[in-house]
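Hello,

Here is the structure for your files. My notes on the contacts follow below it.

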Amino acid sequence: MSNKFFINCDEATAICDKSQYKEATFWEKVKLTYHLFICKKCGTYSKQNTVVTKVCNKHLHKCETNHQFSEQEKTELQENISKEIE
Amino acid sequence: MSEKPLHKLDPNNWAQKHADYLFNYTITRVNNEDLAKDIVQETFFSGLKAQHNYRGQASERTWLISILKRKVIDYYRKINSKKGKAEVKMDFYEDGERKGSWIEERAPSSWGNEAEMDIENEELKSAIDRCVDFLPEKYRMVFLLKTVQNYETEEICNELGITASNLWVIIHRARHQLRKCLEENWFAK
């Protein structure tokens, strides 16, 4: 992103999205803060984006890592593999 | 030149030894059990075909995972076809005097009290789950890897063969859609 201080809404939302993942730089955040001060729509986007982040952090969880093939599926899978070996 | 092989392939025990591990790796990416199982099986088949390339330096499992990663990329490319590639965010004017400003009807409208939303509510979980399900698969995969699995941007880009700017456009579209979906199904109710 360029060095200019005045950014448009497209750029502002991009910084806002990045900052949800703590990937916005200090300078980007400065520009965003100023933009939010003068732009109501982005202000709304930013507030709601933060809510989306909170909802996701609270309610979306890592997939269980204990998915398993059933024994029967494994047997079938192994048979399919073995067929290919010959 | 040839190094001494440290490991050997044992395809006769692949299902027992590696199927579940590969399954779990796949499910965090494709989010669909049947599809994940198919991809695991294809990985084993490709592994068999590529057996002669195995030098025995990496463990059998590491080698299979490297094949699986290709399969996931192939799958992602298929759903993220050129036609629907996310290159622009679609919420902003692309040129002219208002370039980069919100397109009026796509701009968010206020919910009134964003700051004090009750997000603890357990029923909100099913609302957000449904909203995530509504996301197009190609957005969902990137969004979940980034948001839930906490992958680094670079890792996702490498894994799926997309650029960082492409990733942020996808993230924007996903988040904007979720925002809208929560608005309609929850906050504005």
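In this predicted model, the centres of domain 1 of chain B and domain 2 of chain B, taken over C-alpha atoms, are 30 Å apart. Domain 1 covers residues 11-79 of chain B and domain 2 covers 83-187, according to the domain assignment.

Where the two domains of chain B meet, domain 1 contributes nine residues to the contact and domain 2 contributes ten residues. On the domain 1 side, the elements that give two or more residues are helix H1 (14-30) and helix H3 (60-79) of chain B. H3(B) gives the most to that side, with five residues. Sorted by class, the domain 1 side that touches domain 2 of chain B holds four nonpolar, two polar and three charged residues.

The other contact is between the chains.

Chain A puts 39 residues into the contact with chain B, and chain B puts in 46 residues. On the chain A side, three helices of chain A each supply at least two residues: helix H1 (9-20), helix H3 (40-59) and helix H4 (71-85). Which of these gives the largest share of the side of chain A that touches chain B? That is H3(A), from which 13 residues come. By class, the side of chain A that touches chain B is made up of 14 nonpolar, 13 polar and twelve charged residues.

To put the two side by side: H3(B) gives the most to the domain 1 side within chain B, and H3(A) gives the largest share of the chain A side between the chains.

Regards

Conventions: Residues numbered from 1 in each chain as written. Chains lettered and ligands numbered in written order. Predicted model: local features only at pLDDT ≥ 70, side-chain atom pairs only at ≥ 80, totals over all residues. Domains from an automatic or database assignment. Contact = placed C-beta atoms within 7 Å. Helix = DSSP H or I, 4+ residues; strand = E, 2+ residues; numbered from the N terminus. Nonpolar A, V, L, I, M, F, W, Y, C, P; charged D, E, K, R; others polar.
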